[in-house]
Each structure stands twice: as structure tokens, then as C-alpha cells.
Amino acid sequence: MKLARYTRDGRTTIGAVVDDHVIEIATLDPAAPRSIRELLAAGPAGRARIAQALKAAPRGTPLAQVKLEAPIPDAQKYLAIGMNYHDHAEEAARAGVPVPKNQLWFNKQVSCITGPFDPIYKPRVSDKMDYEAEMGVVIGKRCRYVSVEQARSVVGGYFVCNDVTARDWQFKSPTFTLGKSFDSHGPIGPWITTDDEIADPHALQMQLWVNGELRQQASTGGMIYNIWQQIHELSQVMTLEPGDLIATGTCANVGIALGKFLQPGDVVKVAIEGLGHIENPVLPEPQHGEPLQA
């Protein structure tokens, strides 16, 4: 299934996307949870009921008539791995950045999460705003000490993300967190594609364009540490919860390597085979000083 969170006529709800329509989950199963995070936590049996009901469901609402929102706006964790594609690690090494000998993890604070087609804002305090096309993974089962062999069983699904980064802030803090966590710098979506729909998440084509110019292109098979190794590593340290988000790394040709940083007026599109695409305009940060998200 493709699980979406969307707004229509001022009302936000969750639904299942079928072709170019979305069907509200509550009409398929009135007892179903009202958020995707809670739906994942409810386990596979609840999702199976919804999948069965979809077979006889009417077409629902055209996607063109709704606004797609961040599918999981209330994640407890948003974790991301650095330099996890062979070509990106080589790119970084050429620039004098040492390649880590182990998995390199950092937080994106969950306040950065925004919708798949919402603006991303260039901070007034950064002149080096960059893009990173990435495949996201959402945890579907509470877990700890997960083996590599068992890791797929705790995956809820996959999504498209852009690990927007303020490079100047990233490099002045060794944890990366500040440079990775500006408001609006975590667009995700357009929905959650459940694991059963993806035969091999390590064999998908990933692309990123800025203003129609193809900047990044790679197979998700280019990871140094695959998804199962990532989940194993993280679960040695912390309990992973349904709805926790993982960004699995980016490929070569990030903006800093090309000398091309994002500017207001740019439009960034990220697409991953089988998962859809997100597309975000770059705007200057508002000057009023108010938070960008509620």
C-alpha cells in the first residue's frame, strides 16, 4: 500500500493511494488508527484489513484535489547516515574530508520535517544551503538488538526525502546536527510505500533535479552499509519505535562538490523508482522571525 496524509477542504486525514486517487482509511476501516505512525504500530493485521477492503473500495478522491502532507509529521526520531554511498564518499575524500571507518550517524531534529511539496527555506544565517537525494525508511515495529538477518521484518515502508543541509553550520559542529536541522529542511513523502510493495529496496533508481537540471543519479545499491546493516547498528544503541525515520545516505554530485548551492527561486525535485517524488521550491526565510512550523 501507499499510505498518505493529506488535506482537503481544511481537513487533514490519512488514506491509501491507488493510481491517481486517494481513499480515506476511515472509510475502509472505521476502527483504524487516525495517523500513519499509529497505523504502523498497530501491526500487519490492521494493515491487512485495510488492504482487503481496498479491493472493493470506490476510487476515492483525485490526488489533484488534495494537498499531500508529510506522511509522518510526529516521528520520535529522524536519524541519518553520512557518506554512505561509495561515489559520495569518494567525492568527499577528494575534497579532503576523511571517509569514516564506521557508520556515521547524526540526528535531523524532527522539527525540520515538512511536506513533499512544501517550500524549503534558505536560512538568513547560511549561504551554503545544499541538497541530498535520499531514500527514507520508516520503522514499523518496536525493536531492539535486531540482527542483520531480521532487520527487514521491522521495516514499515519507504519514502523519498531530501536531506537539506546548511553546510556552513554542518562543518562548524562535529555532530552535524545543527547544519541538518533547520526548519523546513526535512521534506519527506509523497507517501509511505509499505515494504511488501518493494521487491528489493537496494535496486531502485534515485534522481535529483534542480530547476530541471539533473544533478544526482544513482542506484540505491550503491550504499556502503545497506538498510539491514543500518537498522542493526542503530538498534544496538536505542529502541526503535514505529514511525521512526531513517535517511539512508546520498550519492555523488551534492551542491558543495559542484560549487552550486541552493538559492531562492530554485525548485528541487527528488524521485525514486517505485516510491514517487517530492518537489520543493526554495524561498527566502521570512523576516518576521516566527517559527516556520506550528
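**One residue, then the chain**

Modeller: Let us begin with N84, which counts as buried because its relative accessibility is 0%, where the cut-off for buried is under 20%; please keep in mind that this is a predicted model.

Colleague: Where is the place of N84?

Modeller: N84 lies in a loop, and that loop runs between the strand β6 (78–82) and the helix α4 (86–94).

Colleague: And what does the side chain of N84 reach?

Modeller: The side chain of N84 comes to 2.9 Å from the backbone nitrogen of Y225.

Colleague: OK, changing topic: how many helices and strands does the protein chain have?

Modeller: The protein chain has eight helices and 19 strands. Its radius of gyration is 18 Å, close to the 19 Å that the globule rule gives for 294 residues, so the chain is as compact as a globular protein of that length.

Colleague: What percentage of the residues count as buried?

Modeller: Of the 294 residues in the protein chain, 53% count as buried, while the accessible surface of the chain comes to about 12,600 Å², with 52% of it belonging to carbon and sulfur atoms.

Colleague: Last one: how far apart are the mean positions of the positive and negative charges?

Modeller: They are 3 Å apart, taking the 28 positive and 33 negative charges of the protein chain.

Definitions and conventions
Residues are numbered from 1 along each chain as its sequence is written. This is a predicted model: local features need pLDDT of at least 70, side-chain atom pairs count only at pLDDT 80 or more; totals for chains, interfaces and linings use all residues. Side-chain values use heavy atoms; hydrogens and water are left out. Helices (H or I, at least four residues) and strands (E, at least two) are DSSP runs, numbered from the N terminus. Buried means under 20% relative accessible area, exposed over 50%, partly exposed in between (1.4 Å probe, protein chains only). A polar contact is a pair of N or O atoms within 3.5 Å; within protein, one must be able to donate a hydrogen and the other to accept it, and residues adjacent in sequence count only if both atoms are side-chain atoms. The radius of gyration is taken over C-alpha atoms; the globule rule is 2.2 Å times the number of residues to the power 0.38. Accessible areas come from the Shrake-Rupley method with a 1.4 Å probe; for residues, only the protein chains shown count as cover. Lys and Arg count as positive and Asp and Glu as negative; His and the chain ends are not counted. The place of a charge is taken as NZ of Lys, CZ of Arg, CG of Asp or CD of Glu.
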